[in-house]
Amino acid sequence: MAVQEDQVGTTTFTTWLLKQEMKGNVTNELAVVLNSIALACKQISSLVTRAGLQGMTGLAGDTNESGEDQKKLDVISNDIFSECLKTCGRTGTIASEEEDVPVAIDQTYSGDYVVCFDPLDGSSNIDAGISVGSIFGIFEPNEECNLEGKNIVTESTDGDDLDISQQEALLHCCRPGKDLLSAGYVMYSSSTVLVLTVGDGVYGFTLDTLIGDFVLSHNNIKIPESGKIYSFNEGNLKGWSDGLKEYMDFVKDGDKPYSSRYIGSLVGDFHRTMLYGGVYGYPGDVRNKNGKLRLLYECAPMSFLAEQAGGKGSTGMGRVLDIVPEQVHQRCPLFIGSTKEVEIIEKFLE
Ligand code: AHM
Ligand code: MG
C-alpha cells in the first residue's frame, strides 16, 4: 500500500510515526518510546511556561554529577522524562545529565531501548524566560554485554565502584553516535517545537496547544550549505587555540562580516543554525580541553540531526559521531551546522 504524503499543518506526530512504521523506519516499540518522550516534553513545556507563576524558578539546592547547581525545573523535568520512559514499558536503560550513573529499568515489557537525555538543557536561562530545551538520543540495546577489553570507566563520579547492573547499563550507553537509531530535541520558546530524526531525514513538529498535539510544521529540514552566522561564547576567547582565535578574526573581516548570535541555550542556538545556516561552537580551552558540552546526550544527538539535515558535527579534528564514549558524562568540543562553515573551522584548527 502506498504511504500518503505528510501534510504540514495537519499531520500529527502520532500519524507521522505510524507512517514511519509503514515505511520500515521505526519499529512499533520504538514508536512507543518516541511517543513517551513527546508526552514528557508536553508536560515540561507546560511547566516551563508556568514556572514563574508556580514558584518553580530558582535553585533546587543540589548539584548534578558535573558539580553544576541544579534548578528546580532540572530536577522536575528529569523526574517527568524518566517516569514517561519507564512507564512506556519499552525502555531498558536510561542515562540522564541529572543522574550520576545510567539506570537499568526493571519494569521493561519489551524493546529494551537505551535512551540518553538532557531533560532541560540551558536551564540557567529559565528564570529570565529565555528558550530552553530537552535533548535525547536512542540506541538499540547491546547484544553482548561484556565489559572485558572495553575502555569504559566503571566508577561513579564520586569514585564508588559500580555494581554489575550499573556496569551493564553503562555498557548499553557508551556507544558511538553513529549507532543512534533516533535523536531529537524539543525547544521551549515562543512555540514548543519537537525536531527529530529516525535516520531518514529531519522533521519538525510544533505543539498545537489547542489540541495538545505536536503537528508537522517543518518537512524534511535541510541545513543551508553555508551561512554567515557564528554562535560562540566569545567571552572565553582568551583560553582558545591560536587557530580558533584566527577564525574569530576571519568572521569579522571583509566587507560583509558574519553576524554573531548566541543565546547560551544549545537547543535554541542549534535550532536557529538548522534553519538559517551558520555554525555553533563550544570549543575546548586551556582549562577544559574538551569544552563544556556532553557527548552522549548533547553533542552526539545534535550531530546525528546535523548530518541527517545535510550538515556536519565536528570536534574540530574529526566527526563527533565516531567517538566511542568511555564515560557517560564525557565532554567533547563541538562545531556544528552548515557543512562549509564547519569545514572552514576545521581548516583553521588543522
Ligand atoms: P547545561 O546542560 O548545564 O544547561 O549546559 C549546557 C548549556 C548549553 O545549552 C549552552 O550552549 C551552553 O551551556 C552555554 O554555556 P556558556 O554559558 O558557558 O556559554
Ligand atoms: Mg545540557
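**Close-up views of a predicted model**

**View 1. Helix 4 and the elements that cover its buried residues.** In helix 4 (residues 164–173), the buried residues are Glu168, Ala169, Leu170, Leu171, His172 and Cys173, where buried means that 20 or more other C-beta atoms, placed from the backbone, lie within 10 Å of the residue's own, exposed that 12 or fewer do, and partly exposed that the number falls in between. The cover over these buried residues of helix 4 includes strand 3 (91–96), strand 4 (103–104), strand 5 (113–121) and helix 7 (295–308). Helices (H or I, at least four residues) and strands (E, at least two) are DSSP runs, numbered from the N terminus. This is a predicted model, in which local features need pLDDT of at least 70 and side-chain atom pairs count only at pLDDT 80 or more, while totals for chains, interfaces and linings use all residues. Residues are numbered from 1 along each chain as its sequence is written, and chains are lettered from A and ligands numbered from 1 in the order in which they are written. The chain has a mean pLDDT of 91, with 92% of its residues at 70 or more, pLDDT being the predictor's confidence in each residue, from 0 to 100. For the complex, the predictor gives an ipTM of 0.97 and a pTM of 0.93.

**View 2. The crossing of helix 1 and helix 2.** The axes of helix 1 (residues 13–22) and helix 2 (residues 28–50) come within 10 Å and cross at roughly 160 degrees, which means that helix 1 is roughly antiparallel to helix 2. Axes are lines fitted to C-alpha atoms, for helices over the stretch in contact, and angles run from 0 to 180 degrees between N-to-C directions; angles over 145 degrees count as roughly antiparallel, under 35 as roughly parallel, 65 to 115 as roughly perpendicular and the rest as oblique. From helix 1, Phe13, Thr14, Leu17 and Glu21 meet Asn28, Ala31, Leu34, Asn35 and Ala38 of helix 2, a contact being two C-beta atoms, placed from the backbone, within 7 Å. By class, the contact of helix 1 with helix 2 has five nonpolar, three polar and one charged residues, with Ala, Val, Leu, Ile, Met, Phe, Trp, Tyr, Cys and Pro counted as nonpolar, Asp, Glu, Lys and Arg as charged, and the others, Gly among them, as polar.

**View 3. The crossing of helix 2 and helix 3.** The axes of helix 2 and helix 3 (residues 72–87) come within 8 Å and cross at roughly 155 degrees, so helix 2 is roughly antiparallel to helix 3. Residues of helix 2 in this contact include Ile37, Ala40, Ile44 and Leu47, and those of helix 3 include Leu73, Ile76, Ile80 and Phe81. By class, the contact of helix 2 with helix 3 has 12 nonpolar, three polar and no charged residues.

View 4. Met56 lies in the loop between helix 2 and strand 1 (59–63), and is partly exposed, with 18 other C-beta atoms within 10 Å. Leaving aside residues up to four places away in sequence, Met56 touches Leu47, Ala51, Lys72, Leu73 and Ile76. The C-alpha atoms of Met56 and Asp74, 18 residues apart along the chain, are separated by 9.9 Å.

**View 5. Helix 6 and Gly277.** Helix 6 (residues 266–276) is mostly covered, with nine of its 11 residues buried, among them Asp269, Phe270, His271 and Arg272. Gly277, which follows helix 6, has a positive phi, near 85 degrees.
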